[in-house]
Amino acid sequence: MGTLNHPLVEDRMISGEGTSKEKWLQAFEEYPLDSLNLESLHFKRVVIVAPHPDDEILGCGGLMQQLMAQNCKIIILAVSNGTQSHPDSNKYSPDELNILRPQESLAALKCLGVSEAVERIELNLLDGQIHCQTTQLWQGLSRIVQAEDILICSYAFDGHPDHEAVGKIVQAFAEDRQLVCLHVLIWAWHWAMPLDPRIDWHRAKAYKLTEEQLAKKHEAILQFKTQIEVDQSTGKAAILSPNTISRLLMPYEVYLSDSFSHVF
C-alpha cells in the first residue's frame, strides 16, 4: 500500500473503519457471485501487475496458490517499491523502504509456497505519482507482456490513486493487445458497500479459497511489517490495520472481467 487520500479517487475516499467483513460475508450469502472459471487458466502465463509490494498478496494471495497448482507461470510486475508509504518517518526512509518492501514481498511469496512459479520484475516507478508515469508503465508492459498472457491488476476504481492508475493503464493496454484482463478488488472492500452501484458487480467472479490457502495468505500478509506496524516516529497508525487485514482475509477474492474475458 502507499498513501491513501487523493482528489483523483473522488467519491471513493478511504477513511474510517470502512464496511465490516461481516457485512460482506452476509452479502455473499444473500447474493452469491458466480465462480471464477479456473479451467481456462491451465498452463497459462499470468502477469499480476501490483501497484505496490503487497498488493499481489492482498489481492491474489489465494489465486496464486491455485495458479501454481495448475502449472501456470506467474509474473509479478511490481510497478513501484512503495518508497513513499511513510512520509516524514525516522523509522523508514524511502531508501530503506526501497530495500525492505521488495524483501517483504519475496518473503510473502515463500509463505504462499509459490516462489518457484514466480518471476518478480520491478519497474521502480514512484508511488503516489503513478498517474503521472503512464508512459513508463505502458513501456514496461510492452517489454514484459507476451501474446496470450492473462493480465491481473488492481481495479480501475479501487479507491487508491495508484491502484486506479494501474488499473486504467493495464486495461487500456489489454484492450490494445486484445488480451484477457482481470481486475481484483482490494481497497474497494473498505469504501464500498454490498450492491454498491459504483462497482460493476455484473462483471464480478469469485474465487473461493480453501482453508489452507487462506491460512497461507494470512501468514504471507504478516510478512509486510512495514505496513502492519505502528510507526512510533510519526505516531501514525499502521497502514494495514487489523480490521483491514481481517477484511482482506475473507474466503473470497473477487475479480472483475473485461470484454475479452468471457471465458471466465
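Predicted model: local features only at pLDDT ≥ 70, side-chain atom pairs only at ≥ 80, totals over all residues.
Axes here are lines fitted to C-alpha atoms, for helices over the stretch in contact, and the angles between their N-to-C directions run from 0 to 180 degrees.

**How the helices pack**

Let us start with α3 and α7, whose axes lie 8 Å apart at an angle of about 160°. Angles over 145 degrees count as roughly antiparallel, and α3 is therefore roughly antiparallel to α7. The crossing of α3 past α7 is right-handed. On the α3 side, the residues that meet α7 are A108, C111 and L112, and their partners in α7 are K216, K217, E219 and A220. Sorted by class, this contact holds four nonpolar and three charged residues, with no polar ones.

Next comes α2 with α3 (residues 94-112), a pair packed at about 30° with axes 10 Å apart. Because angles under 35 degrees count as roughly parallel, α2 is described as roughly parallel to α3. This crossing, too, is right-handed. The helix α2 brings E56, I57, G61, M64 and Q65 to the contact, while α3 brings S105, A108, L109 and L112. The classes here are five nonpolar, three polar and one charged.

The remaining pair is α2 with α7 (residues 211-221), where the axes come within 9 Å and cross at roughly 140°. That value makes α2 and α7 oblique to each other, and α2 passes α7 in a right-handed crossing. From α2 the contact draws on I57, L58, G59, G61, G62, Q65 and Q66, and from α7 on E212, Q213, K216, K217, A220 and I221. By class, there are four nonpolar, six polar and three charged residues in the contact of α2 with α7.

| Helix pair | Angle | Axis distance |
|---|---|---|
| α3 and α7 | about 160° | 8 Å |
| α2 and α3 | about 30° | 10 Å |
| α2 and α7 | roughly 140° | within 9 Å |

Some residues turn up in two of these contacts. I57, G61 and Q65 of α2 take part in the contact with α7 and also in the one with α3. In α3, A108 and L112 belong to the contact with α2 and to the one with α7. In α7, K216, K217 and A220 are among the residues that touch α2, and they also meet α3.

**Spaces inside the model**

How many cavities of 30 Å³ or more are there? The count comes to three. The largest share, three residues, comes from β7. In terms of class, the lining has nine nonpolar, one polar and three charged residues.

How values were computed: Residues numbered from 1 in each chain as written. Heavy atoms only, no water. 1 Å grid on protein atoms, 1.4 Å probe; cavity = no way out; pocket = protein on both sides within 12 Å on 5 of 7 lines; lining within 4 Å. Points joined across faces, edges and corners; volume = space filled by probe spheres on them. Helix = DSSP H or I, 4+ residues; strand = E, 2+ residues; numbered from the N terminus. Nonpolar A, V, L, I, M, F, W, Y, C, P; charged D, E, K, R; others polar. Parallel < 35°, antiparallel > 145°, perpendicular 65-115°, else oblique. Left-handed = near helix turned anticlockwise from the far one by under 90°. Contact = heavy atoms within 4.5 Å.
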